[in-house]
Each structure stands twice: as C-alpha cells, then as structure tokens.
Amino acid sequence: MNGEDIYGTLTRTDPFGILEPEVLRELGEKIEMKVYAANTYVFKTGMQSLDALFIIHSGLAEMIVVDDKGLEMVIGLRRPFDFFGETVVLSQQRYPGAIRAKEQLVCCLVYRRDLEKLIYDYPEFCGFFNVLLAERMRLLYEALVDERSKGGYSGISQMEPELFRKRVSEVMAYPPITCRTEDLVATVSNVMAERDINAIVALDRENRPRGILTEKNLVKYLIAKQTYPVETCRVENVMYSNLVEISPHAFIGQALVAMMRSKTKNLIVMERGELVGVVTLVDLIKTQSAGTLLMTRDIESQPDIRGLAVVSREIGSILGAMIEENATMTEIFDVMSELYERMSRRVIQLSEERMKLDGWGPPPVEYCLINMGSAARYEQPLLTGQANAIVYADPKDGEASGVDAYFAALSEIIVDGLAQCGFERCDQEIMAVNPYWRRSIGGWMALIRQWTEQSDRDLDKAVLNLFDARPLWGNMALAETLLGGLVHAVESRSGKKLFSTDTAVEYHPPISYLGTFITERGGLHNNEINLKSSAIMHMVNGVRRLAAKSRITEPSTLGRLDRLVDAGVISDKDGEIFRRSFQDLMMLNIRENLKEIKQEKRPDNYIDPYSLRKKERVALKDALAGVSLLLTMIHDE
C-alpha cells in the first residue's frame, strides 16, 4: 500500500477530509499500516489503549461487547473509511469493548501524538473529537475518585454499604422529564438546556418510552455528521432506541452493573409498565459512594495477583450487606457473579503479561478460556472452586506440541492466580491445567463426535460440564463453535437416550416419601444435610439435563427453567416450584455459610435441619420436595 492509497483513505474519512491536502500527505507519512486476518482481534475488552486511532482502508470490523451472561454480542460493524478506538486514544484508558476482523482488515493507524497535534492545530478538527469522545463524565468520575483518595480512601475495605442498601427509587430523577418522539429537536434541546440535563426520554402517543435523546446524539447527528437539518429534525430521527430498564426496587448496585454491561450512562426506571423515573451515572456518583463505584475499576487496576487477592477478600462484605437488606437471589447472583468474573478476567490478563515477561511471548494462536460450573451459570455468591477449560485454534502442521506447551504454561499461571484470589483448585481436576480440558477446537470436536458415537459414563459427565460452558476471555468465536458442535451432537442423537443410565442413577432424593429429612448418619456431620451436594446440585444437574435434551444453551439454572417453560418441556406450575425451591435452597445455604464465616470457620454447606425454626424447617421441606419432584421427572424421562 503506497502513500497515495493512504492519502485517498484519509480524504474519504471524516473528519480528516476537512484538512488541507498538504496536511493529509504529511500525516500519511507517519501512519502505520496493519493487516488483521479474519476472526482475529485488533484489541480486546480490558486491554490498555494502543495509543492509536484505527482508520479502515479495507475489510469489515465487528464491534463487540459482552452481555450479562458473558457472551459476546456484536453491536455494530465498521466499514472502509470508518474509524474505531476513539474512546480511549486520548484518555489512554482500557478498551471498554473489543474489535474483531470479520474479514481481512487493513487499517491505517494514526498515533496519539499525531492526532493530538491535529487537535491542537485545527479548531474544526478539535471540535469534532471533543464532542465525540464525551469524556466529561469520565473526568467528573476521576475527580471524585481523586478527592476520595486524598481523604484517605484505601480501597475496597473502605467501601460504604450504601450501594447495596439504597434502592434506585431513592436516587432516581422523579418525575422524569420527557418529550414526544415527533417533537422538533430544536425545541427539545431548549428544554434540556433550561433543565440542565443531558438526556431526555422520548414517549410515543401512548406514553410508552421509545427512546432517549442525549447530548451525544445531538452532536453526532446534527453537528459532527450533519445527517439532518436542525430546523426540521425530529427526536425520533436521532434518539437512541435501545433502552435499558430497571425496577425502582432494585439496588443501586444493580443499576451500576446494568450500566457497565450495556455501556450506557442512562437507565429508565419502570414499574408495572409505567415510566416512573430516570437514573444516571451522575445520580449514582451523587450518593457519595464513589469508593464503592470504584470497585470494578479497583479490580481492573491491580498490577499483580497479590493486589487482586486483597480485593477478593473484601468483596465478600458486599454479600453480607445484600443479605441484611433482603436482596433477592437474582440480585445477589447478578452483582456477586459480575464482580468475581471481572476478577477472573483480570487474573487472565495478568497471566498473559506474565507469559510475555517469562519469554513465551503472546499466544501463538487465538484461544478462549471457558468457565464451567457455578461461575458459568452466574450462580457464584461466594468464592467457589475452579472449573474451566481452554479451546484454541487448530495449530499449523508441526506446531501442535509447541502451541500446547504454551497453553499448558499459561493455564498453570492462570489456575495458580485464581487460587491465590480464593478460587480453589478443582479436586476433580476440571481445569485447563489438565490436558483433558485443554484442547484445540479440532480436539474438542473430536471428543464430541466420540460422545455421539459411543457414549459412556465419563463422556456423559464431560459433555454435561460443557453444557454449562460460558466464554470468559479470548476469542469467543471458538467457544461459539464448540457450543454449536454440542447442539448439533444432541440433534444427531435424536430418538436415542441422551445420557447413560449410570449418570441418572447417581441422583438420590434428599427427602423421604414420608417427608422426613434424609441426613448423614454418623461422623462429623451426623444428622446434617449438605445442601449443596444433597439438594442444590441435584437441582442444577437435573435442570441441565432437561435443557441439554431440549438443545437449550442458556447456562444459568433460572434461565434454563424459563426456557424449558417457554418450550413446553415443563409446565408453568412445575417451573415455579423448581424456581422457588432452587432460590430458597441457595438463600438458606448462603445464610448458613455466612454464619460460619463470621465464626471464622470454613463454610462447608452443611446444615442441621432440626436446629432451624419451625417456619424455616417447613420452607426447607417444601424446597426439598421440589427437588424430589424434579428427580422423579428425570428418572421417568
């Protein structure tokens, strides 16, 4: 690619096209060209800024974020003469999302120092980027953090409990300021200026929220791109229509998680189908809990595993606060699993950096680390043991041993780092350090084919674990291929028994036909029940079996139950019984484990049912009856 090609690309890319030809030719001499193969990443979520703006010369790029279940979601495409990386090129923050080449991608890299010079020297160019980057919120946030730091803030140990004690209704803007979708933008922008707000909810004629108009929309469509004439532009032309809802009864911690996941700073608050308020990131900051809001940033900013281990020990205090405020299991799963997952990702990121320092260099091929077990199911209120695997791209001929050696070393660093942060090693060795759980995509597909052709008890267990799989880090397309292979394998076994009888026989009801508790006899836990192994895991495994049979890839137990009801596999009534049983068992188990933690004991999931109050015993019996109902359904399938 020669200088004329670069010049041609710049002239067709806004806002570079407004610059004089001699400026563009001078810039072109400083630009670096890079080629990215299809399905490879330009950068990944959480990576430190590469200090460059990427202008596409040819090819397509996918903009990717991670949804609330850790799955990649493509939210848009970038085409020739578009650019990306603008959100962090000047701020030097970490990337909030990922960019992956959909096909071979050729990019012109404009480095920060050259971009800054253009911004300083050319006012029109400067204006475009100033409004595009929208860094005012970040600067406000950093100022608050800095202020708290000067006041003695020392990390998560100083977090106020307000984030998980206050509800959205206490901080939201009420009544919400609204407009109509057909209103003129010129009129609505005056309202926004008079009310000193940077966003307004747009309603349709039935008063239903249809979008939100922000300052960023105004700048993007009316100033930067001038897509519409200001005088005639209506709100519906430029509003953002992908609204994110939250209940007024949700914790503000839930609101923070929703903002992090959806990459938005505005949530609409809905109750019984009615708009009752709006909550913004500024509203959360105004709660004076900036230290708590920093929690995820504190995780991501730790320079080593030792720092992460300290943060990990402090996260448990949040669970106690949520329990005290009678948070639902859904709220607890949502917040705690999100925090532990972010910690796991940071461990992997630090492990990759360690591999480079140790002389291994970057990964030789694309790979994806997959979570399984409670972490994958988003059911991790307390630190649990590890269950993970690695899938990597098929290496070239003659390179297989070297590639696996790299990932064997990386796996050991990751697993050790997770263990230091409180995620214990799996006693069944279901971890990427075990070659059985570390394979190329071709190796994984061969294992699945083996299961379809000649299943046995061990293969059934392995496949059931994979049905919990959820990609955590790396090239998610590899995990999607693996999960797609699983679904295809289930379809190929249509009409056959999906899993061996031996696997089903392992389930034993935790309550007798007479409704009495089945407890352990003798030993340290005489007359006690292990709620996890004797009840909760029966529910998890049973629902997972039904989901696998129905080709449902949703990993969470509650999500699977919803899908099973929707598919008609179980009735609405049974679905509600199973949901209530699972949530009641989980809540009781968490409460008992927290009691042991307060007594400086190791939580072991055991409970003496006869030590409970009568009301609690009745609730436990009802929950266990729900497990028995599920086990009967599994036995009869």
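How many of the seven residues of strand β14 (residues 274-280) are buried? This model is predicted, so to speak of local features requires pLDDT of at least 70 and side-chain atom pairs count only at pLDDT 80 or more, whereas totals for chains, interfaces and linings use all residues. Residues are numbered from 1 along each chain as its sequence is written, and side-chain values use heavy atoms, with hydrogens and water left out.

View A. Strand β14 is mostly covered, with six of its seven residues buried, where buried means under 20% relative accessible area (1.4 Å probe, protein chains only). Strands here are DSSP runs of E with at least two residues, and helices are runs of H or I with at least four, numbered from the N terminus. Strand β13 (residues 266-271) runs antiparallel to β14 and is joined to it by six bridges, two strands being paired if DSSP finds at least two bridges between them. Asn266 stands opposite Thr280 of β14. Two residues lie between the strands of this hairpin, and Arg272 in the turn has a positive phi of about 50°.

**View B. The open sheet β9-β10-β11.** Three strands form this open sheet with mixed pairing, and its edge strands, β9 (178-180) and β11 (209-214), each pair on one side only. Three bridges join β9 to the parallel strand β10 (residues 199-203), in which Ala202 is the bridge partner of Cys179.

**View C. Helix α7 across the sheet.** Helix α7 (residues 185-195) lies across β9, β10 and β11, running at about 135° to β10. Contact means heavy atoms within 4.5 Å; axes are lines fitted to C-alpha atoms, for helices over the stretch in contact, and angles run from 0 to 180 degrees between N-to-C directions.

Key:
Buried < 20%, exposed > 50% of the residue type's maximum accessible area, 1.4 Å probe, protein only.
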